[in-house]
Amino acid sequence: MDVRHDTQQAVRPKGRPRSTAVGEAITEATLDLIAESGSIETLSIEAIATRAGVGKATIYRRWPNKEALVVDAVGTLKGAIPELDGDSVRADLIVLANTIRRSSDTREGKILPCLILELKRNPELARQYDKAMNSRREVTKDVLRGGIARGELRADIDIDTVTAMFSAPLLMMSVMGNYNEVEREGLAERVVDTLLNGIAAR
């Protein structure tokens, strides 16, 4: 009796292995359709399957429902991260600010307004979105840490709070379209300079 052969048969997974490429095609199709339609509510498994080039059964083998699929798809979002010189806090923050401003034209920027209500209702979706956007926040925090190290910024600033103060207004104005009375021309420079007035080293 070949014990090794029997053991290998016992642990062999049932069914066909899941293709990573198929899973990625499904999540990408989900994000594309949300961005194009501007709605999660009208999104259907049938439309996702058609866009991804798979059958609905393939989707349901991976996700129990649309909500679970959307959560996983949102977790794959990646905010644009530009190259920074690292020589000046002001210059780097302006580059980051302009990247956020331009994000309204990107797929991610079109998806965010669709998520606002869902993020409040679905803690897991909120967690995945926060995780996906963390890479951009970490870049901002690194810029601030560099500014502290070079003596450009006060050493006692709360980096998490400053990061939120930097990105939140830009997202609200550029992606959500709020505060239309605020002039968009030169917005990045004005936001950065106003922020630096409070946190720059004296």
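**Helix packing in the predicted model**

According to an unreviewed UniProt entry, the annotation "domain: HTH tetR-type" covers residues 20-81. The structure described here is a predicted model, and in it the chain over residues 20-81 is 68% helix and 0% strand, with the end C-alpha atoms lying 25 Å apart. UniProt, again in an unreviewed entry, also lists residues 44-63 as "DNA-binding region". That span is 75% helix and 0% strand, and its end C-alpha atoms are 13 Å apart.

Helix α5 comprises residues 66-74, and its buried residues are Lys66, Leu69, Val70, Val71, Ala73 and Val74. The elements that cover these buried residues include α2 (20-37), α3 (45-52) and α4 (56-62), together with α7 (107-121) and α8 (123-149).

On the α2 side the residues involved are Ile26, Thr27, Thr30, Leu31 and Ile34, which meet Leu69, Val70, Ala73 and Val74 of α5. The spacing of such positions can be understood from helix geometry, because an α-helix has 3.6 residues a turn, so residues three or four places apart point the same way.

A second pair of helices is formed by α6 (residues 89-102) and α9 (residues 159-174), whose axes come within 9 Å and cross at roughly 30 degrees. Since angles under 35 degrees count as roughly parallel, this crossing makes α6 roughly parallel to α9. The crossing of α6 and α9 is right-handed. The contact is made by Leu93, Leu96, Ala97, Ile100 and Arg101 on the α6 side, and by Phe166, Ser167, Leu170, Leu171 and Ser174 on the α9 side.

Tyr179 is located in the loop that runs between α9 and α10 (187-199). When residues up to four places away in sequence are not counted, Tyr179 touches Met173 and Arg184. Between Tyr179 and Ala29, which are 150 residues apart along the chain, the separation of the C-alpha atoms is 32 Å.

Definitions and conventions: Residues are numbered from 1 along each chain as its sequence is written. This is a predicted model: local features need pLDDT of at least 70, side-chain atom pairs count only at pLDDT 80 or more; totals for chains, interfaces and linings use all residues. Side-chain values use heavy atoms; hydrogens and water are left out. Buried means under 20% relative accessible area, exposed over 50%, partly exposed in between (1.4 Å probe, protein chains only). Helices (H or I, at least four residues) and strands (E, at least two) are DSSP runs, numbered from the N terminus. Contact means heavy atoms within 4.5 Å. UniProt positions are given in the numbering used here, feature names are shortened, and annotations may be inferred rather than shown by experiment. Axes are lines fitted to C-alpha atoms, for helices over the stretch in contact, and angles run from 0 to 180 degrees between N-to-C directions. Angles under 35 degrees count as roughly parallel, over 145 as roughly antiparallel, 65 to 115 as roughly perpendicular and the rest as oblique. A crossing is left-handed if the near helix is turned anticlockwise from the far one by less than a right angle, and right-handed if clockwise.
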